[in-house]
Amino acid sequence: MSRKEDKAWFAPKRYGYGAGLPVAWQGWALLAGYIVMMLGCVVLVEWDAEIGLPVAVVVGFLATLLLGWVAAARTRGGWRWRWGGDR
């Protein structure tokens, strides 16, 4: 199966555990959505710190969990420890 046909959104990291940069538009869209959510959390806290801070913490935590879960599911070869030679 070629790399275009494997439906991966993220490339694996060369060293370490986890995902690298996105390799498909869906991965870039997910990453852009995550960044927008985090910037929205900052704006929310600046707008009203008393109510915005707890909401921003919960939204940021859930967005991070979602990003990690989707990235783990859509990384080529899955998440595992890599030592550099195996791609």
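Trainee: Helices are DSSP runs of H or I with at least four residues, and strands are runs of E with at least two, both numbered from the N terminus. With that settled, where is Gly77 found?

Mentor: Gly77 lies in the loop between H2 and strand E4 (82–83). Before going on: this is a predicted model, where local features need pLDDT of at least 70 and side-chain atom pairs count only at pLDDT 80 or more, while totals for chains, interfaces and linings use all residues. Residues are numbered from 1 along each chain as its sequence is written, and side-chain values use heavy atoms, with hydrogens and water left out.

Trainee: Is Gly77 buried or exposed?

Mentor: Gly77 counts as exposed because its relative accessibility is 62%. Buried means under 20% relative accessible area, exposed over 50%, and partly exposed in between, with a 1.4 Å probe and protein chains only.

Trainee: Stepping back, how many helices and strands does the protein have?

Mentor: There are 2 helices and 4 strands. Read from the N terminus, the order is β-β-β-α-α-β.

Trainee: What is the radius of gyration?

Mentor: The protein has 16 Å, whereas a compact globule of 87 residues would have a value near 12 Å. The radius is taken over C-alpha atoms, and the globule rule is 2.2 Å times the number of residues to the power 0.38. The C-alpha trace spans about 50 × 25 × 15 Å along its principal axes. Of the 87 residues, 28% count as buried.

Trainee: Let's do the helices. What should H1 span, and what is the distance between its end C-alpha atoms?

Mentor: H1 covers residues 25–47, which is 23 residues, so at 1.5 Å a residue it should span 33 Å; its end C-alpha atoms are 32 Å apart, in agreement. The expected span is 1.5 Å times one less than the number of residues. H2 has 25 residues, so it should span 36 Å, and its ends at 35 Å agree too.

Trainee: Which residues of H1 are buried?

Mentor: Gly27, Leu30, Tyr34 and Cys41. They pack against strand E1 (10–12), strand E3 (19–22) and helix H2 (49–73). Packing here rests on contact, meaning heavy atoms within 4.5 Å.

Trainee: Which residues make up the largest nonpolar core?

Mentor: It has 9 residues: Trp9, Phe10, Ala24, Leu30, Tyr34, Ala63, Leu67, Val70 and Ala71. A nonpolar core is a set of buried Ala, Val, Leu, Ile, Met, Phe, Trp, Tyr and Cys residues joined through side-chain atoms within 4.5 Å.

Trainee: Take Val70. What is it in contact with, leaving aside neighbours within four places in sequence?

Mentor: Val70 is in contact with Trp9 and Leu30. Val70 counts as buried because its relative accessibility is 13%. Under that exclusion of neighbours within four places, Trp9 is in contact with Pro22, Val23, Ala24, Gln26, Gly27, Val70 and Arg74.

Trainee: New topic. How many aromatic pairs does the structure hold?

Mentor: It holds 2. In one of them, the rings of Tyr17 and Trp79 have centres 5.7 Å apart and planes at 75 degrees, so that pair is edge-to-face. Tyr17 sits in the loop between strand E2 (15–16) and E3, and Trp79 in the loop between H2 and E4, 62 residues apart. Trp81 and Trp83 also form an edge-to-face pair, at 5.6 Å centre to centre and 65 degrees between the planes.

Trainee: What are the cut-offs for those pairs?

Mentor: Rings of Phe, Tyr and Trp (its six-membered ring) pair if their centres lie within 6.5 Å; planes under 30 degrees apart count as stacked, over 60 as edge-to-face, and the rest as tilted.

Trainee: Is Trp83 buried or exposed?

Mentor: Trp83 is exposed, with a relative accessible area of 67%. Trp81, at 49% relative accessibility, counts as partly exposed. Tyr17 is partly exposed at 48%, and Trp79 is partly exposed at 29%.
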